[in-house]
Structures are given as structure tokens and as C-alpha cells.
Amino acid sequence: PPSSGSAYPALARAYPEDFSADAVYRATLPDLQNGPESLIKGARRQIQHVGISNFRLPIRFHSRDGADLTLETSVTGTVSLEAEKKGINMSRIMRTFYRRAEETFSFEVISAALDDYMSDLESFDARIQMRFSFPMKVESLRSGLSGYQYYDIALELVHQDGVRRKIMHLDYVYSSTCPCSLELSEHARQTRGQLATPHSQRSVARVSVLLTPDQDILWFEDLVALCRTAVATETQVMVKREDEQAFAELNAANPIFVEDAARLFCEALQGDPRIGDFRVIASHQESLHSHDAVSILTEGPTFAASTLDPRLF
């Protein structure tokens with residue numbers, strides 16, 4: 001306050017509704033992120049990835065039948081940062097992506113967006129990942145009903161050391177009946193007339209595939225179909241009594257350990273020429289135990305790793 005004798009200025013406290021930031025004014029604004037190397041804190045080291053995660057916007061995607069779907073999409077965009085640079089302008093990643101947001105997305109559009117923001121941010125390496133939930137109508141086993149199954153999918157484009165790789169991730173949810181439990185249940189029925197039920201559980205295969213360089217399209221529906229071919233016991237949407245009975249029969253016809261699941265998915269992926277390297281992370285969320293049964297199977301160097309993220313499963 002003026003009465004205190006302080007030289008602190010009397011600042012305006014009301015929001016200036018009529019103020020306009022023209023080009024001359026904008027040129028005076030400080031920009032610490034793009035400041036000189038002398039402002040760097042910590043080690044003068046290159047940062048492999050810096051950017052923004054989980055900015056969301058509606059994106060239009062093609063489906064295999066020719067229809068377009070607009071889906072809420074979470075986008076992560078990062079670039080490399082050289083050791084002598086203070087930082088990047090984060091908002092440029094969003095602005096660059098929004099310039100492409102009205103297009104129907106494919107790996108080609110993502111590639112163009114990646115080119116734009118590598119140029120805007122003067123970076124050598126970059127990555128874009130887009131996550132969304134993709135709906136597909138699935139028919140019940142016997143009743144003729146149908147409903148929408150939602151698949152968590154991510155598209156990832158990675159530019160590193162001058163090489164560009166296209167990767168697709170899918171979470172496929174299925175039921176796994178334990179073969180050992182099935183045999184023990186049948187043993188109890190046959191030898192002692194004892195009713196017993198084998199344990200089954202909801203299970204998830206997180207499938208990641210690298211598209212081969214000469215292949216442009218692997219439809220989301222195609223990757224789902226490959227997983228269904230490998231493990232037929234996908235969880236159901238619309239179910240009447242005859243469907244529930246059919247699902248019990250389907251599980252009994254396809255009992256699998258988590259090791260079986262990983263190898264079955266592997267066999268299906270190996271047979272598709274559009275797919276190069278891949279990784280299968282299978283997790284059977286046990287109903288018998290208080291822990292999960294898990295397995296990881298990789299093909300090629302892209303997904304090979306000597307350590308595991310503690311939250312990978």
C-alpha cells in the first residue's frame with residue numbers, strides 16, 4: 001500500500017478485457033524455454049524424449065468396411081532435445097498436430113505431422129503415439145444377438161537415427177480355462193461322482209506389431225481377427241442362456257495356460273506378411289490365485305528388452 005512507503009507499483013487488479021496482443025507486443029514477451037545454453041540446469045546431456053502426453057481431440061479413422069469413425073484420441077508427441085538446447089516450445093507440438101486433425105488419419109498422415117513438428121522444433125528424433133478405443137460389432141455365439149466390443153488400440157510412429165517405424169498396439173481380452181483345473185475337475189466327476197468346475201479368468205494379451213516397410217495398411221479389424229484365430233475365447237458382449245452355455249463349451253474346447261496363449265498368438269502373427277517384429281504380453285488374471293500368470297514372447301530386435309517396466313503387466 002502507498003502508506004507503507006514501499007516503492008512497489010500500484011498494479012491493476014481487474015482483467016483487461018479490451019487489451020489486444022499485437023505483433024509488436026508479442027515480440028517483447030520472454031521465452032525462457034528457448035533461452036541460451038547458460039540457462040540449462042543440471043547435466044548438459046541430450047534428452048531422448050521431451051514433449052506432451054495425453055492431449056485429447058476427436059480424430060477420424062478409416063475402418064475396413066469403408067466407413068469413417070470419429071473417436072476421442074489421446075495423443076503423445078515427443079522429440080529429442082540436443083544437449084546445448086534449453087528446451088522446446090511444447091505448444092508447437094499441439095499446434096502442428098491440429099493442422100492435420102481434420103484429415104482422416106493413417107500412418108501417412110501421422111508421418112506428415114511428424115515431419116512438420118520435427119521441422120518446427122529442429123529435432124532429429126521424434127515420436128507420435130495415438131491411443132483410442134475402437135468399436136466393432138460382434139455377434140453372440142448362438143442367439144443371434146450382437147453388441148459392440150471396444151478394443152484399446154494405439155498407433156505409434158517412431159523416427160530414430162533416420163529410420164521410421166510404424167507400430168500398432170492392441171489389447172485383446174479373452175477367457176482362459178486352466179487345462180490342469182479342467183482335468184482335475186473331470187477326475188473328481190469320474191472317480192468320485194463329485195461336481196467340480198475348472199477355474200477360468202478374464203485374460204489380456206497386449207499385442208504390439210511392427211509393420212513391414214513395404215506394407216502401408218494393417219486394418220484394426222485384421223489384427224483383431226488374427227487374435228481371434230489364435231485364441232477363440234474372446235469375452236462376449238450380448239449373452240443369453242444359450243450363449244453362456246456355448247461359451248462354457250468353447251472354453252472347454254480351448255483350455256490354455258499362459259504359455260500356450262503366448263505361443264498361439266505368436267503362430268498367428270508369424271503367418272502375416274504385413275507384420276515384422278512383434279511382442280505378445282499375456283496376462284491371466286487368476287481366479288484361483290491372488291496373483292496373475294504372465295508371459296512375454298518377442299520376435300526381432302524392436303521389442304527385445306533385458307529389463308521390464310515394473311508396471312508392464
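**Entry 1: the model**

I am working with a predicted model.

**Entry 2: the sheet**

I started with the strand order. The sheet is open and has nine strands. I read the order as β3-β1-β2-β4-β5-β6-β7-β8-β9, and the pairing is mixed. Next I looked for the edges. They are β3, residues 104-105, and β9, residues 293-299. Each of these edge strands pairs on one side only. As background, I noted that strands of a sheet pair through backbone hydrogen bonds, either parallel or antiparallel.

**Entry 3: a helix across the sheet**

I then looked up helix α3, residues 107-120. Which strands does α3 lie across? I listed β2, β3, β4, β5, β6 and β7. Helix α3 runs at about 160° to β4, which spans residues 126-139.

**Entry 4: strand β6 and its neighbours**

I followed β6 next. Strand β5 covers residues 146-160, and β6 covers residues 163-177. The two pair in the antiparallel sense over eight bridges. I picked out two facing pairs. Leu 157 stands opposite Lys 166 in β6. Ala 154 has His 169 of β6 as its bridge partner.

On to β7. Strands β6 and β7 also run antiparallel, joined by 11 bridges. Here I found Ile 167 opposite Leu 210 in β7.

Is β6 largely enclosed or open? I found that 11 of its 15 residues are buried, so β6 is largely enclosed by the rest of the structure.

**Entry 5: the turn between β5 and β6**

I went back to the hairpin formed by β5 and β6. Two residues lie between the strands. Asp 161 sits in this turn, in the loop between β5 and β6. The phi of Asp 161 is positive, near 55°, although the residue is not glycine. I wrote down why I noticed: most residues other than glycine have a negative phi. Is Asp 161 buried or exposed? Its relative accessibility is 66%, and the cut-off for exposed is over 50%, so Asp 161 counts as exposed.

**Entry 6: another positive phi**

I checked Asn 54 as well. Asn 54 has a positive phi of about 65° and is not a glycine. Asn 54 is found in strand β1, residues 47-62. I noted a relative accessible area of 40% for Asn 54, so this residue is partly exposed.

**Entry 7: Thr 233**

Where is Thr 233? I placed Thr 233 in the loop between α5 (220-230) and α6 (241-253). Thr 233 is buried, with a relative accessible area of 0%. Leaving aside residues up to four places away in sequence, I listed what Thr 233 touches: Tyr 174, Ser 175, Phe 247, Leu 250, Asn 251 and Asn 254. I also looked at the polar atoms. A polar atom of the Thr 233 side chain lies 2.6 Å from the backbone oxygen of Ser 175.

Last, I looked for cavities. How many cavities of 30 Å³ or more does the whole structure hold? The search finds one. The largest cavity has a volume of about 30 Å³. I wrote down its lining: Val 79, Ser 80, Leu 81, Glu 82, Lys 85, Ile 88, Leu 121, Glu 122 and Ser 123.

Technical notes:
Residues are numbered from 1 along each chain as its sequence is written. This is a predicted model: local features need pLDDT of at least 70, side-chain atom pairs count only at pLDDT 80 or more; totals for chains, interfaces and linings use all residues. Side-chain values use heavy atoms; hydrogens and water are left out. Two strands pair if DSSP finds at least two bridges between them. Helices (H or I, at least four residues) and strands (E, at least two) are DSSP runs, numbered from the N terminus. Contact means heavy atoms within 4.5 Å. Axes are lines fitted to C-alpha atoms, for helices over the stretch in contact, and angles run from 0 to 180 degrees between N-to-C directions. Buried means under 20% relative accessible area, exposed over 50%, partly exposed in between (1.4 Å probe, protein chains only). A polar contact is a pair of N or O atoms within 3.5 Å; within protein, one must be able to donate a hydrogen and the other to accept it, and residues adjacent in sequence count only if both atoms are side-chain atoms. On a 1 Å grid over the protein atoms alone, a cavity is a set of points where a 1.4 Å probe fits but cannot get out, and a pocket is an open set with protein on both sides within 12 Å along at least five of seven lines; lining residues have an atom within 4 Å of a point. Grid points are joined across faces, edges and corners, and a volume is the space filled by probe spheres set on the points.
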